[in-house]
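Reader: Could you take me through how the helices pack in this one, and then through the core?

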Amino acid sequence: MTLRGCLLVPLALAGLACRSPLADLHSGQEGPALCLTVGIEDHSRKLAHLRVPAGEADTPAARRSALESHREAFEADLRAEAASRGLRLNPSADLHLDLTITSLGEVRAKYIAWGILSGVGWGVGVGLLAHDPRLAVGLGVYELLEESAFWIGGSLLMGKWSSPAVVEARLSRAGSAKPLWEETYYALWARQELAAFPPEEQNRRERQLQASLRKVLGKLFRDLEAIPEFPAGAQELERPTGIRSR
């Protein structure tokens, strides 16, 4: 069994049109205000996946700095888009929207490991169901080699030739542990958003990733605007954010 389709599933799901659960939230005449936080997980393994190193050493501190720069650019784009759409952002609002960039510029190691182990488990399971230990071992070894080549090779190609981004969104009410709504947004490449940058900027890794995050923003705002009578008004948000570790 091959898991090649696993890489395409989340991207396909992200493109499906559906009615957002946010449509069940009802607002007053001014529309709901949101208290916003934007974070990013410290996950990168290679600085070149985030920006051109320009002679600097590929260290954890350099990668954290690059991640924080992307988070700041993402939040700045979000603020500008919110203002243009009349979305009110208020740090004292009852509704909390938490956004976390969980993957940027590369496939995370935990997904690679999951893909490989799933293939190996399938091969071993088939052999055990057939009550043939030799078949189980043979299929397990075959899947290990095939899935390792696919997942490791595929992740390297994706990190080099695409600009993947994954953002988790969670809407909750102050004082409530259970979220009102949550969604994960995926972007592999953002041709239209990248075209908004000057041609000389489009080959820069930073701009390619910024374009993917802007594509995610478009999907997010379409869900937010499913709220009846929303948005209305705009207010600047001031709240500290930072890198998260998982």
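Author: A term to begin with: a crossing is left-handed if the near helix is turned anticlockwise from the far one by less than a right angle, and right-handed if clockwise. This is a predicted model, in which local features need pLDDT of at least 70 and side-chain atom pairs count only at pLDDT 80 or more, while totals for chains, interfaces and linings use all residues. Residues are numbered from 1 along each chain as its sequence is written, and side-chain values use heavy atoms, without hydrogens and water.

Reader: Which hand does the crossing of α2 and α6 have?

Author: α2 passes α6 in a right-handed crossing; helices here are DSSP runs of H or I with at least four residues, and strands are runs of E with at least two, numbered from the N terminus.

Reader: What does the contact of α2 with α6 hold by class?

Author: Eight nonpolar, two polar and five charged residues, with Asp, Glu, Lys and Arg as charged, Ala, Val, Leu, Ile, Met, Phe, Trp, Tyr, Cys and Pro as nonpolar, and the others, Gly among them, as polar.

Reader: Switching to the core, how many residues has the largest nonpolar one?

Author: It has 33 residues, and Phe 74 and Leu 104 are among those with the most contacts inside it; such a core is a set of buried (under 20% relative accessible area, 1.4 Å probe, protein chains only) Ala, Val, Leu, Ile, Met, Phe, Trp, Tyr and Cys residues joined through side-chain atoms within 4.5 Å.

Reader: Which element gives the most to this core?

Author: α6, with seven residues.

Reader: And overall, how much of the chain is buried?

Author: Of the 246 residues of the protein chain, 42% count as buried, and the chain has six helices and six strands.

Definitions and conventions:
Buried means under 20% relative accessible area, exposed over 50%, partly exposed in between (1.4 Å probe, protein chains only).
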